[in-house]
Amino acid sequence: MPTYPFEGKLVLLRSVLAATLVAAGIAAVPSSAYAASAAYGPERVCGKGFHRVKDGHRAMRTRDGAVFGHVYLMYSKRSGKNCVAAIKTAYAGRRTVTGAYLEVRGGGRSEDVQRYKYYAETGHLEGAWKCVRYEGWTRDPGNRVTAWGGRKSWGNCDG
């Protein structure tokens with residue numbers, strides 16, 4: 001069996017690199033909670049035919065600037081409907097108060113607030129050629145800290 005001059009050094013380098021990552025608190029594999037929340041993209045949450053719209057993404061931030069997730073305004077050209085998905089990144093997999101809100105100017109409103117593990121979603125509202133505003137929020141498990149994101153002004157009025 002042939003031997004390679006760098007074989008032992010390569011194994012040692014991998015071991016040192018792995019130990020360094022562990023000491024720094026960095027995992028080479030994402031946590032299961034992160035992987036599970038990543039499986040819930042806004043296109044999947046809102047459903048087939050829905051796409052992210054321009055100026056339709058905000059981070060859900062605490063007052064201190066910590067990001068607990070993201071809120072997305074989605075639109076389906078085929079149906080003319082809007083949808084909002086508030087997707088958690090902090091405390092994913094744990095039930096915490098999470099909400100999504102969508103309002104169509106001159107139209108309807110939809111809100112979904114419960115103790116969710118991964119996301120909240122507003123449902124689909126008719127909104128072709130109408131302005132909308134949206135928001136999403138989530139809280140820590142102790143219900144002490146809220147992270148909010150969205151747009152309080154009207155926008156995305158062009159269909």
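The model is predicted: local features need pLDDT of at least 70, side-chain atom pairs count only at pLDDT 80 or more, and totals for chains, interfaces and linings use all residues. Residues are numbered from 1 along each chain as its sequence is written, and side-chain values use heavy atoms, with hydrogens and water left out. The protein has three helices and nine strands. Helices (H or I, at least four residues) and strands (E, at least two) are DSSP runs, numbered from the N terminus.

**Overall picture**

- Along the sequence, the pattern reads α-α-α-β-β-β-β-β-β-β-β-β.
- Of the 159 residues in the protein, 36% are buried. Buried means under 20% relative accessible area, exposed means over 50%, and partly exposed lies in between (1.4 Å probe, protein chains only).
- The accessible surface comes to about 9800 Å², and carbon and sulfur atoms hold 55% of it. Such areas come from the Shrake-Rupley method with a 1.4 Å probe; for residues, only the protein chains shown count as cover.
- Among contacts between residues at least 6 apart in sequence, 55% join residues at least 24 apart. A contact means heavy atoms within 4.5 Å.

**The E4–E5 hairpin**

- Strand E4 (residues 96–104) pairs with strand E5 (residues 109–116) in the antiparallel sense, over eight bridges. Two strands pair if DSSP finds at least two bridges between them.
- Four residues lie between E4 and E5 in this hairpin. Gly106, in the turn, has a positive phi of about 75°.
- Tyr101 stands opposite Glu111 in E5.

**Nonpolar cores**

- The largest nonpolar core has 16 residues. Val71, Leu73, Val84 and Leu102 have the most contacts inside it.
- Strands E2 (67–76), E3 (81–88), E4 and E8 (132–139) each supply at least two residues of this core.
- A second, separate core has eight residues, including Cys46, Tyr72, Met74 and Ile87.
- A nonpolar core is a set of buried Ala, Val, Leu, Ile, Met, Phe, Trp, Tyr and Cys residues joined through side-chain atoms within 4.5 Å.
- Leaving aside neighbours within four places in sequence, Val71 touches a list of residues; among them are Met60, Val84, Tyr134 and Gly150.

**Thr122**

- Thr122 sits in the loop between strand E6 (119–121) and strand E7 (125–126).
- Thr122 is buried, at 8% relative accessible area.
- Beyond neighbours within four places in sequence, Thr122 is in contact with Cys83, Val84, Ala100, Tyr101, Leu102, Ser110 and Asp112.
- The Thr122 side chain reaches the backbone nitrogen of Val84 at 3.0 Å.
- Thr122 and Gly136 are 14 residues apart along the chain, and their C-alpha atoms are separated by 9.7 Å.

**Salt bridges**

- The structure holds six salt bridges. Each is a side-chain nitrogen of Lys or Arg within 4 Å of a carboxyl oxygen of Asp or Glu.
- Glu43 and Arg52 form one of them (2.8 Å, N to O). Glu43 is partly exposed at 32% relative accessible area, and Arg52 is partly exposed at 48%.
- Arg58 and Asp55 form another (2.9 Å, N to O). Arg58 is partly exposed at 23%, and Asp55 is partly exposed at 41%.
- Asp55, Arg58 and Arg151 are linked in a network of salt bridges.
- Glu103 and Arg109 also meet in a salt bridge (3.7 Å, N to O). Glu103 is buried at 11%, whereas Arg109 is exposed at 61%.

Methods
A polar contact is a pair of N or O atoms within 3.5 Å; within protein, one must be able to donate a hydrogen and the other to accept it, and residues adjacent in sequence count only if both atoms are side-chain atoms.
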